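Hi,

Here is the structure I promised to pass on.

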Amino acid sequence: MRTLSDMWIMAKRSLRHTTRSLDTVITVVLTPIAILLLFNYVFGGALGVQTGSIAYIDFIAAGVIIMTVGSGIAYAALRLSMDLQKGIIGRFRTMPVATSSVLSGQALSSTLSSLFSSALVLVVAFVVGFRPTGGLEAWLWFTGLLTLFTLATTWMAMFFGLLAKTPEGAGAFAYILLLLVFLSPAFVPTDTMTPLLRGFAENQPITPIVETMRSLLMTGTPGDAAGAALAWSLGILVVFYTLALSVYRRKEPVPIAA
């Protein structure tokens, strides 16, 4: 119980930092909304013809949600790196708190803020015409997969935040995640890509996650890619949770500035 209590205290601290930072609100919330509107209204006319009978806003919603998560975890890595550089993490390690609660609290706050941002993006999507047909069960599965993927990539952010030499470089790994979103069926079907890109797009981790989320929302069923989506999400979570805690326990604390 003490570990959970300590984790929640750390999470509340991180959430306060998030809500008080205008830069964070712009990065985590407004940017994904702007991307949604940009693709729907600027590129939708040209790209929408490639999605067949599916309205373009319905096609891209899942991909934009993944991009929202990517923006959120980039900030989480930045926040952790800043705390490390300022010596705040070192101070926490001298206090009577559970060792894992410092990272777990940061991961929990990042996951919660990313899920909240995703909900706001969905609200805007509904306003501009998003019309999913999945029922309550499909929405529950969608929420579960989104939470699992967000938690997995958040622990990836914790790992890179611990390794980064500077706060500026901490969130750079998120650009790779965002690139994978563009090289997936998030915005256009893979069969419209060149053979080389199509081969890559159909065999990278973001693709089954996007396809499963879209299928849950638009058909009410998980589709054929659900197994791969769960496997990738669980694998990323286990690997980076283990790596992040290992690096954290071995990392020498930075003395807090006087």
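Starting at the N terminus, the elements of the protein run α-α-α-α-α-α-α-α-α-α-α. That makes 11 helices and 0 strands, where helices (H or I, at least four residues) and strands (E, at least two) are DSSP runs, numbered from the N terminus.

Some housekeeping before the details. This is a predicted model, in which local features need pLDDT of at least 70 and side-chain atom pairs count only at pLDDT 80 or more, while totals for chains, interfaces and linings use all residues. Residues are numbered from 1 along each chain as its sequence is written, and side-chain values use heavy atoms, with hydrogens and water left out.

On the overall fold: of the protein's 258 residues, 51% count as buried. Buried means under 20% relative accessible area, exposed means over 50%, and partly exposed is in between (1.4 Å probe, protein chains only). Among contacts (heavy atoms within 4.5 Å) between residues at least 6 apart in sequence, 81% join residues at least 24 apart.

Ala11 has a relative accessible area of 0%, so it is buried. Along the sequence Ala11 and Ser109 are 98 residues apart, but in space their C-alpha atoms are 4.8 Å apart. Leaving out residues up to four places away in sequence, Ala11 touches Gly105, Leu108 and Ser109. Met10 also has its place in helix 1, and it counts as buried because its relative accessibility is 8%. Met10 and Leu103 are 93 residues apart in sequence and 8.4 Å apart from C-alpha to C-alpha.

Helix 5

Helix 5 runs over residues 101–127, which is 27 residues, and it spans 39 Å from its first C-alpha to its last. That is close to the 39 Å expected at 1.5 Å a residue; the expected span is 1.5 Å times one less than the number of residues in the helix. Just after helix 5, Gly129 takes a positive phi of about 120 degrees.

Ser117 is found in helix 5 and is buried because its relative accessible area is 1%. Setting aside residues up to four places away in sequence, Ser117 touches Val28, Val29 and Thr68. Ser118 lies in helix 5 too, and at 1% relative accessibility it counts as buried. What does the side chain of Ser118 reach? It reaches the backbone oxygen of Ser114, at 2.9 Å.

Helix 11

Helix 11 has 25 residues and reaches 36 Å between its first and last C-alpha, close to the 36 Å expected at 1.5 Å a residue. Its buried residues include Ala229, Ser233, Ile236, Phe240 and Ala244. Ala244 is at 0% relative accessibility, so it counts as buried. The contacts of Ala244, not counting residues up to four places away in sequence, are Leu103, Trp155, Met158, Phe159 and Leu162. Ala244 and Leu162 are 82 residues apart along the chain, with 7.4 Å between their C-alpha atoms.

A pocket and a salt bridge

The second largest pocket has a volume of about 220 Å³. Of the 14 residues that line it, the closest to its centre are Met156, Ile176, Leu177, Leu180 and Ile236. Helix 6 (136–163), helix 8 (173–182), helix 10 (206–218) and helix 11 (226–250) are the elements that give two or more residues to its lining. On a 1 Å grid over the protein atoms alone, a pocket is an open set of points with protein on both sides within 12 Å along at least five of seven lines, and lining residues have an atom within 4 Å of a point. Grid points are joined across faces, edges and corners, and the volume is the space filled by probe spheres (1.4 Å) set on the points.

How many salt bridges turn up in a search of the whole structure? The search finds 1, taking a salt bridge as a side-chain nitrogen of Lys or Arg within 4 Å of a carboxyl oxygen of Asp or Glu. Arg198 forms a salt bridge with Glu202, with the closest N and O atoms 3.0 Å apart. Arg198 is partly exposed because its relative accessibility is 35%, and Glu202 is partly exposed at 37%.

Cheers

Notes
A polar contact is a pair of N or O atoms within 3.5 Å; within protein, one must be able to donate a hydrogen and the other to accept it, and residues adjacent in sequence count only if both atoms are side-chain atoms.
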